[in-house]
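Student: Could you take me through one part of this structure up close? I would like to look at the place where the chains meet.

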Amino acid sequence: MAILPILIFPDPLLKEKSAPVERVTPEISAAIDDLLDTMRASPGGVGIAAPQTGLLKRIVAVDVSASKRGAQQENHGLLVLINPEILAKGGRQIVREGCMSIPDYTANIERAQWVLVDALDRTGKHVILESVGLEAVAIQHELDHLDGILFVDRVASIKTDLFRRKKYR
Amino acid sequence: MGHFSVSVVGKDRPGIVAEVSRILFEQGCNIEDSTCTILSGQFAMILVIHHSKFQAADELGPAFDEVRTKMRLIVTVNALKDEEVVHEKAFAGHPHIISVYGADRPGIVYTVAQELARRKVNITDLNTQVVGAKDRPVYVMVLEVDIPEAVDMKELEKEFGRIRKELSVSITVRPIETLEL
């Protein structure tokens with residue numbers, strides 16, 4: 001168990017595509033524990049992707065119940081998703097997102113309102129789950145990390161949608 | 001060396017950006033920040049530029065005489081003090097979105113803006129338009145504002161309640177919260 005350092009943009013590893021997890025080995029399990037510790041150590045943090053810690057594996061964790069606003073919405077609590085894929089999505093919503101890897105900015109990003117996700121859970125069991133609202137935003141944001149996509153890549157207008165943080169809490 | 005703001009307004013047509021940027025390039029200016037929009041067929045552009053030698057607006061201003069006559073553009077050049085140049089939009093308070101809509105009538109923007117100014121709420125973005133059928137125009141205004149810590153939200157809501165009645169408009173204030181990922 002450890003809190004790992006977070007890679008900060010423009011670290012080139014953040015733009016890499018991560019590789020699928022072949023098997024949930026003890027090493028992968030330990031890496032997941034570290035990811036969860038790291039996510040929980042970040043103020044208000046409700047999601048993390050393995051490549052943010054330099055581990056180029058298709059693993060993300062999301063827990064919107066850790067934020068006040070997220071907890072008020074439909075959610076699955078803590079989700080660990082291995083090799084996740086979005087099977088279907090629908091609707092649209094715009095939420096202001098912040099990212100541990102881009103600590104100086106926040107941005108309004110348009111995402112799907114609803115997603116259907118296929119993944120392995122942390123025991124390696126195959127799951128299909130539906131997610132809506134903020135949890136769906138968090139899942140889409142973290143899945144983007146697995147393909148080297150950052151929220152700034154999805155900003156429609158830097159003038160109206162990108163905001164500099166006064167300070168990172 | 002200094003910073004300047006340059007604003008350009010004129011009837012929209014292809015080539016305005018090309019001509020303005022050509023002049024800036026030829027004068028040795030660096031465009032540091034810019035945005036443009038088209039309102040009812042009028043092209044409007046504002047730029048913050050930097051020049052390694054120029055200090056005063058009249059060193060750069062005359063370079064635009066050519067497009068002033070040829071393209072009938074209104075071009076204004078202002079010298080900026082270095083400390084006035086802030087590169088990003090920075091929030092000091094709590095960002096909120098205020099949406100206002102209702103039957104079109106005079107004074108909607110003024111009434112809402114006056115109330116915000118009175119409370120030192122900073123408007124960081126403002127869009128207004130008239131939508132809907134010709135005989136039943138609906139006025140829509142969306143503001144992004146920065147609400148200082150000291151503002152009593154209940155008081156603000158009470159004032160908006162009064163404005164809602166007075167102007168028969170709908171006013172909704174929503175916080176912009178950041179999802180920390």
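Tutor: Let's start with a quick check of the whole, then zoom in. This is a predicted model. A search over all chains finds 0 aromatic pairs. Aromatic rings can still have other partners. Look at A:F163: A:R96 lies over the face of its ring, 3.4 Å from the ring centre.

Now turn to the interface. On one side, 28 residues of chain A are in contact; on the other, 17 residues of chain B. Between them the two chains bury about 1,900 Å². Of that area, 52% is on carbon and sulfur atoms.

Next come the charges. Side chains of opposite charge can pair when their charged atoms come close. Across the interface of chain A and chain B, the rule finds 2 salt bridges. One of them joins A:R69 to B:E177. Find those two side chains in the view. Their closest N and O atoms are 3.3 Å apart. Polar contacts cross the interface too: there are 7 residue pairs of this kind between chain A and chain B, counting pairs with both residues at pLDDT 80 or more.

Which elements of chain A supply at least two residues each to the side that touches chain B? Three strands do: β4 (93-99), β5 (102-111) and β8 (162-164). Two helices do as well: α3 (133-146) and α4 (158-161). Sort the residues on this side of chain A by type, and you get 11 nonpolar, 8 polar and 9 charged.

Now step back to the salt bridges of the whole structure. Over all chains, the count comes to 23. Take the one between A:K15 and A:D153, with N and O at 2.7 Å. This pair links distant parts of chain A, 138 residues apart. A:K15 sits in the segment before α1 (26-41), while A:D153 sits in the loop between α3 and α4.

Stay in that segment before α1 of chain A, where A:P10 also has its place. The peptide bond that joins A:F9 and A:P10 is cis, with omega about 10°.

Finish with a backbone detail in chain B. Go to the loop between α3 (65-70) and β4 (74-80) of chain B, and find B:R72 there. Phi of B:R72 is near 50°. That is a positive value in a residue other than glycine.

Key. Residues are numbered from 1 along each chain as its sequence is written. Chains are lettered from A and ligands numbered from 1 in the order in which they are written. This is a predicted model: local features need pLDDT of at least 70, side-chain atom pairs count only at pLDDT 80 or more; totals for chains, interfaces and linings use all residues. Side-chain values use heavy atoms; hydrogens and water are left out. Rings of Phe, Tyr and Trp (its six-membered ring) pair if their centres lie within 6.5 Å; planes under 30 degrees apart count as stacked, over 60 as edge-to-face and the rest as tilted. A charge sits over a ring if NZ of Lys or CZ of Arg is within 6 Å of the ring centre and within 35 degrees of the ring normal. Contact means heavy atoms within 4.5 Å. Buried area is the accessible area (1.4 Å probe) that two parts lose on being put together, summed over both. A salt bridge is a side-chain nitrogen of Lys or Arg within 4 Å of a carboxyl oxygen of Asp or Glu. A polar contact is a pair of N or O atoms within 3.5 Å; within protein, one must be able to donate a hydrogen and the other to accept it, and residues adjacent in sequence count only if both atoms are side-chain atoms. Helices (H or I, at least four residues) and strands (E, at least two) are DSSP runs, numbered from the N terminus. Ala, Val, Leu, Ile, Met, Phe, Trp, Tyr, Cys and Pro count as nonpolar, Asp, Glu, Lys and Arg as charged, and the others, Gly among them, as polar.
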